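Please examine the sequence and the model before reading the solutions.

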Amino acid sequence: MRFKEKIYLSLTALATLIIIGLLSYIIFDILKNGIGVITWEFLSQPPREGMTKGGIFPAIYGTLVRTLLMLVFVVPIGVFTAIYLNEYGRGSNFSKWIRLAINNLASVPSIVFGLFGMGFFVLFLRLGAGLLSAALTIGILTLPIVVVSTEEALRAVPNSYREAGFALGATKWQVIRSIVLPQALPGILTGAILSVGRGMGEVAPLLFTGVAYYLPYLPSSIFDQFMDLGYHIYIMTTQSFNIELTRPIQYGTALVLLMLTLSFNIIAIFIRYRMRRKRS
Amino acid sequence: MNNKLKIKISVRNLNIYYGKFLAIKNITLDIPERSITAVIGPSGCGKSTFLRALNRMNELLPDVKTEGEVSIDGRNIYSPDVDLVKLRRNVGMVFQRPNPFPKSIFENVAFGLRIQGIRDRERIEETVELSLRRAALWDEVKDKLYKSALELSGGQQQRLCIARALAVQPQVILMDEPASALDPIATLRIEDLMRELKEEYTIVIVTHNMQQAARVSDFTAFFLTDEDRAGMLIEYGNTSDIFTMPKDPRTEGYITGRYG
Amino acid sequence: MEVREKLAYIIISLLASVAIISVILIFIFIARESLPIFFNPEIKKEANLRVFFFTRDWQPISLIPKYSFIPLIVGTVKVTIVAIVIAFPLSLGAALFTSEFIPGKFREIIKPVIELFSAIPSVVLGFFALMNIATWVQVLFHASSRLNAVTAGFALAFAVIPITYTICEDALNTVPRELREASIALGATKWQTAVKVVLPAASGGVFAGIMLGLARAMGETMIVLMVSGNAAQITLSFLDSVRTIPATIAAEMGEVAFGSAHYATLFFLGLLLFSITFVINYIASTLLERTQKRLRGER
Ligand SMILES: Nc1ncnc2c1ncn2[C@@H]1O[C@H](COP(=O)(O)OP(=O)(O)OP(=O)(O)O)[C@@H](O)[C@H]1O
Ligand SMILES: [Mg+2]
């Protein structure tokens with residue numbers, strides 16, 4: 001009996017180890033094979049010679065710009081949605097619907113967002129396939145992340161602050177703006193950073209909303225097509241005419257993307273950790 | 001009761017429900033101006049509920065229903081045309097646990113002015129200083145006005161909360177067990193402060209501490225729950241009368257029980 | 001003042017409704033593009049429910065296009081099964097380990113580390129799978145092609161693990177301490193307590209974790225697009241190449257003629273995917289909410 005339990009217990013430890021081991025191995029593999037490729041030239045130059053040489057600057061640029069653009073939409077919408085849920089609509093039916101929708105958005109397959117982005121932003125709203133359509137599409141995809149994170153932060157603001165505010169004659173909006181929101185700022189920041197980490201790595205929603213295989217110039221307006229790190233990895237590994245030859249470029253691109261998403265996520269974890277410590 | 005005093009707050013047939021539960025039942029009493037009125041009674045008898053009815057704070061909770069009338073200076077604060085913001089500026093509140101905002105000492109006191117849209121730096125500074133002086137805190141904090149309020153001791157924080165309430169120039173101050181989280185020395189300071197403040201303000205205080213009620217208040221209201229757990233006013237009068245010759249045996253029981 | 005408050009309320013409510021509007025719009029716009037399957041007589045001839053579910057071939061670009069969903073469904077089911085079979089025991093084991101058998105201090109480290117898995121973009125997972133897992137699978141199972149359902153499912157498991165793990169761990173962790181203490185006080189061992197008391201109490205959450213992991217596996221695009229081989233075929237072997245629904249949409253939408261039967265069919269596949277995940281998600285979140293309420297209520 002005792003012995004059997006020890007085995008079971010070790011199995012759960014083993015499961016944990018396997019997961020962490022796999023995770024580390026993935027990072028290690030990409031790092032090991034990609035690090036040698038990363039040079040200033042690789043980061044700052046466009047691809048050359050049919051994308052078999054040169055750098056990935058346009059892809060980095062496209063990824064950053066579309067992600068920044070996404071933030072502009074998703075942060076205000078996400079934060080105010082969370083404010084509604086936590087400050088105005090506690091227990092209301094509208095809140096229940098919002099929650100259902102947020103939950104649902106979090107699990108809609110990303111390719112479906114791609115279809116929607118094409119059907120709605122690109123074709124129906126006539127925004128065309130470009131940075132803006134892609135940013136809006138990814139923005140909807142990451143909306144739940146911002147909402148959940150902000151809501152957690154709002155919930156952690158003690159009610160006594162709100163009461164004190166009201167007792168001094170502050171209106172609801174004044175209490176939210178000058179007491180609740182400043183307190184929730186780290187949580188909002190976490191949400192924004194996490195949404196960046198997630199949004200950067202998404203490729204499927206871009207496929208029909210403006211990502212380009214190769215562009216000789218950088219996008220100059222938000223309606224222009226763009227190159228993207230994740231998409232670059234995909235085409236270089238599956239459609240480039242010499243897949244073996246461009247392995248280093250593939251690894252280098254994967255490493256750049258992985259470092260970006262990992263660091264955003266680690267920063268978010270760190271802020272969240274500090275926030276929770278401060279609270280207790 | 002002393003008839004010469006002007007009545008500041010007059011409560012008529014006040015019932016308050018949390019959902020279906022009747023928390024206080026048919027309270028009627030008059031609170032005189034520039035005096036301290038203490039509300040005492042066992043836990044759960046509706047003291048806080050009563051106090052929070054005087055600045056309509058109960059409305060922040062979902063599902064609270066209020067019946068009856070509360071008039072301040074002869075105006076029913078529950079009539080539909082009352083501006084809640086004005087009401088709460090007129091009726092300040094100090095809570096059981098000190099709850100300064102996580103801002104600087106200065107910003108805490110200035111908060112009430114800022115939300116009124118006052119931008120005049122000089123005027124704000126003047127009011128902050130005056131309020132801190134009135135709350136007997138100025139000397140202790142004048143050198144660290146821009147430090148976080150959370151660095152103050154519990155007693156200082158509570159006086160800061162009083163200063164914060166004073167800054168919006170209320171006429172009435174409600175205090176819900178303002179000293180229960182403080183040590184005896186800090187408690188005495190708060191009590192001294194209350195005595196000074198009553199020269200200008202009408203103060204209503206909820207307290208569990210019988211000696212405190214006897215020490216600082218001019219009038220005392222004793223609450224008790226009935227068999228349905230609804231809070232009722234048992235006896236109300238001059239503090240000295242209530243403590244020396246209570247009319248109701250239940251009051252006597254409560255007071256002596258606590259003393260004895 | 002009054003006006004400002006009202007304005008704030010209106011703006012906040014409007015922004016808050018974006019989520020609801022988005023879900024509705026997603027449904028409407030995907031449904032709209034797939035409607036011709038039911039109403040356009042030309043398209044109906046080529047692509048209709050009978051063709052989708054009662055024929056055998058998916059060959060949308062051949063001379064006589066064939067639009068059977070069956071090979072795509074078979075492919076999706078295969079990779080999903082592999083993914084869940086790998087991901088579920090690992091996730092649950094790790095969740096039990098983190099929530100029951102180690103001190104809280106370590107939990108605070110291990111949990112975020114495992115959750116970091118979700119920070120790896122699926123295209124990077126796909127790339128890793130292409131370079132490594134495909135080889136492992138080939139060596140291990142002597143598969144004829146490197147890219148097959150096992151490779152894809154294995155890689156998909158990486159995407160499923162962080163979801164299933166987090167939800168299971170949270171569910172286990174909400175089980176009140178009193179329940180554990182009661183069990184220990186009755187002489188149960190830690191393992192017995194975990195399996196006979198905690199796990200049953202959190203079973204709703206665990207189940208929700210599997211379901212949401214399942215939804216993720218079914219809907220994941222880039223990984224399968226890169227390592228499943230993308231051959232639409234109906235076979236029993238898991239070592240054959242497969243083509244899944246999301247990968248089909250991703251691969252073919254770019255080249256399809258706007259408004260054609262193929263176009264409508266791809267949108268219909270999207271609608272199918274959306275509806276299935278909607279239902280799964282609805283069930284899972286209801287379950288999750290109920291479990292949490294029950295657990296909190298017992299306190
Ligand atoms: N938000 C609420 N919802 C439901 N019932 C409440 C709520 N607040 C208080 N009550 C109930 O109303 C009654 C009176 O509560 P109240 O807080 O006014 O009592 P109190 O006299 O201030 O008690 P204490 O001395 O412990 O502070 C109690 O029975 C309490 O359980
Ligand atoms: Mg109370």
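The exercises below treat ring pairs, a cluster and charges over rings in this predicted model.

**Exercise 1.** Classify the geometry of the pair C:W58 and C:F69, and state which parts of chain C the pair ties together.

*Solution.* The ring centres are 6.3 Å apart, and a pair requires centres within 6.5 Å. The planes stand at 50°, so the pair is tilted. For location, C:W58 belongs to strand β1 (residues 58-59), whereas C:F69 lies in the loop between β2 (66-67) and α6 (70-101), so the pair ties together parts of chain C that are eleven residues apart in sequence. Both C:W58 and C:F69 are buried. These two residues also belong to one aromatic cluster, together with C:F38, C:F39, C:F52, C:F53, C:Y67 and C:F268. Over all chains, the count of aromatic pairs is 42.

**Exercise 2.** Classify the pair C:F128 and C:W136, and determine whether C:W136 is buried, partly exposed or exposed.

*Solution.* The distance is 6.1 Å centre to centre, with 80° between the planes. Planes over 60 degrees apart count as edge-to-face, so this is the class of the pair C:F128 and C:W136. C:F128 has a relative accessible area of 0% and is therefore buried. C:W136 has a relative accessible area of 32% and is therefore partly exposed.

**Exercise 3.** Which ring lies under the charged end of A:K172, and which has B:K65 over its face?

*Solution.* In chain A, the charged end of A:K172 sits over the ring of A:Y88, 5.2 Å from its centre. In chain B, B:K65 lies over the face of B:Y17, at 4.5 Å from the ring centre.

How values were computed:
Residues numbered from 1 in each chain as written. Chains lettered and ligands numbered in written order. Predicted model: local features only at pLDDT ≥ 70, side-chain atom pairs only at ≥ 80, totals over all residues. Heavy atoms only, no water. Phe/Tyr/Trp six-rings, centres within 6.5 Å; stacked < 30°, edge-to-face > 60°. Helix = DSSP H or I, 4+ residues; strand = E, 2+ residues; numbered from the N terminus. Buried < 20%, exposed > 50% of the residue type's maximum accessible area, 1.4 Å probe, protein only. Lys NZ or Arg CZ within 6 Å of the ring centre and 35° of its normal.
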